[in-house]
Amino acid sequence: MQKQLVSHLKHKIVLFLSPYLVFFLVLLLIVMALFYQDNNNDCQSTDTTVTVTTSADKEAVAKSMHDNLKKISGVTEAGIAGYLGNTEHESGFNASIVQSNATFNESTAMNASISGYALGLNQWDNSRRVELLNYAKSQNKKWSDAGLQLDFALNHDGTNSDLLKQGLKMTNVDDATEFLRAKWERGGAGTTSKRQSYARAWYAKFSNGSSDTAVDTATNGAVTTQNTDNTTNNSNGCSTNVAQGMGTSGAPVKEIPSAYKGKIKDTNFTATSSSNTYPFGQCTWYTYNRMQELGTSVENYLGNGADWGKNAKAKGYKTDSQPHVGWAVSFSQGADGADPTYGHVAVVEAISDDKTHFLVSECNVVASGTGTVSFRELTAGQGVTFIQGK
């Protein structure tokens, strides 16, 4: 009788819990599905799980790094080759190396004032060395982990990560190599030709090119999407680099409107400058390049688009509330459709015959993040500051 009672109670408990178990399992499946979806976003610019082989074979390490970098939206084979060329020269792809083959000493490494004690694949030194070590500790990994170092370089090295990504998107092997040496590594003067030689070899190996045609292919085979709509990216709602803003109002077009064609003398809208440190494809990046082309340059580090007006004025630039041809124009948050957080910046190309409108050239409005240049006709209003270059 007692056994029957126990059995009966077990049956009742199972019947009582069954709906809750089913609910729990369904909830678990939903959470797993959402997690899977979030981690398979085609719009992700960088794979957050960077894994680089620990093989002693430098070609295997280089191939592993190449494959990780290929996951980043907008990178080119030329840019990757430039990075690999610099890495080979800096460390020989040895992630655990200390400069001059010194023995690692943590107290020395954690002292940001000490120079000449660089670590890892790209020989981080001084404060960047300390930041690498701190990041490794935060991830409970060894600083000598190659995957951690590549992750740090791409995502956790402050503005240096933006510089790296800018170099990775360049379309000429030699230019990418030198840009990364001078602007990102910021060292190795006199080693340019050696680094470029390494880079050409990696380009030939990984891009199905040849050592004889690597540079020509990289130079002439410019990314065709620079001046075409990235409709797939836009339809998926991919976000661009949120460190810079973009304008979205009006009717952006990729050709100069007929009413303004005769007013613009310099139509080289794709000119770039090797001194540009703004993130590739952003409004700030384009405006810097265009102002250089027009001979009225602005400087790096003026901030987000909305910050340019006040920062330029503070640095002694002449500013105005009315448009002038050849001047930059800074849009505050939301002005003329600018990003509500970061604003926007563009270049004034022409004034309408009746003086009521002006035409701007700009970037990151059409095909966000691809470097595509577009044009809009606007009227001067609230929230805009015009900046004369120097």
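What caps the N-terminal end of α6? Keep that question in mind, everyone, and I'll come back to it after a quick tour.

First, some ground rules. This is a predicted model, where local features need pLDDT of at least 70, side-chain atom pairs count only at pLDDT 80 or more, and totals for chains, interfaces and linings use all residues. Residues are numbered from 1 along each chain as its sequence is written, and side-chain values use heavy atoms, with hydrogens and water left out.

Now the overview. The protein has 13 helices and six strands; these are DSSP runs numbered from the N terminus, with helices being H or I of at least four residues and strands being E of at least two. Of its 390 residues, 44% are buried. Buried means under 20% relative accessible area, exposed means over 50%, and partly exposed is in between, using a 1.4 Å probe and protein chains only. Among contacts with a separation of 6 or more, 60% are between residues 24 or more positions apart. A contact here means heavy atoms within 4.5 Å.

Back to α6, then. The answer is D145: one of its side-chain oxygens lies 2.8 Å from the backbone nitrogen of G147. Helix α6 covers residues 146-155, and nine of its ten residues are buried, so this helix is largely enclosed by the rest of the structure. The buried ones are A146, G147, L148, Q149, L150, D151, F152, A153 and L154. And what do they pack against? The neighbours are α2, α3, α5 (126-138), α7 (159-168) and α8 (173-185).

Let's look at two of those neighbours together. Helix α2 (residues 58-69) and helix α3 (residues 77-91) pack at an angle of about 140 degrees, and their axes are 10 Å apart. An axis is a line fitted to C-alpha atoms, for helices over the stretch in contact, and angles run from 0 to 180 degrees between N-to-C directions. That makes α2 and α3 oblique to each other. For the naming, under 35 degrees is roughly parallel, over 145 is roughly antiparallel, 65 to 115 is roughly perpendicular, and the rest is oblique. From α2, the contact uses K58, A62, M65, H66 and L69, and from α3 it uses E77, I80, Y83, L84, T87 and E88. Sorted by class, that contact has six nonpolar, two polar and three charged residues. Nonpolar covers Ala, Val, Leu, Ile, Met, Phe, Trp, Tyr, Cys and Pro, charged covers Asp, Glu, Lys and Arg, and the others, Gly among them, are polar.

Helix α2 has another partner, α9 (residues 192-206), packed at an angle of about 70 degrees with the axes 12 Å apart. These two are therefore roughly perpendicular to each other. K58, E59, A62, K63 and H66 of α2 meet W202, K205 and F206 of α9. That contact has three nonpolar, one polar and four charged residues.

And α9 also packs with α8, at an angle of about 130 degrees and with axes 9 Å apart. So α8 and α9 are oblique to each other. On the α8 side we find V173, D174, T177, E178, R181 and E185, and on the α9 side T192, R195, Q196, A199, R200 and Y203. By class, the residues are three nonpolar, three polar and six charged.

Do look at both ends of α8. At the start, a side-chain oxygen of N172 comes within 3.0 Å of the backbone nitrogen of D174. R186 has a positive phi of about 55 degrees although it is not a glycine. For background, most residues other than glycine have a negative phi. R186 is partly exposed, with a relative accessible area of 45%. N140, in the loop between α5 and α6, also has a positive phi, near 55 degrees. At 73% relative accessibility, N140 counts as exposed.

Finally, two buried loop residues. V98 sits in the loop between α3 and α4 (106-109), and at 3% relative accessibility V98 counts as buried. V98 touches F104, Y117, A118, L119, Q123 and W143, leaving aside residues up to four places away in sequence. N364 lies in the loop between β4 (358-363) and β5 (373-378), and is buried with a relative accessible area of 1%.

Notes
Polar contact = N/O pair within 3.5 Å; in protein donor to acceptor, adjacent residues only side chain to side chain.
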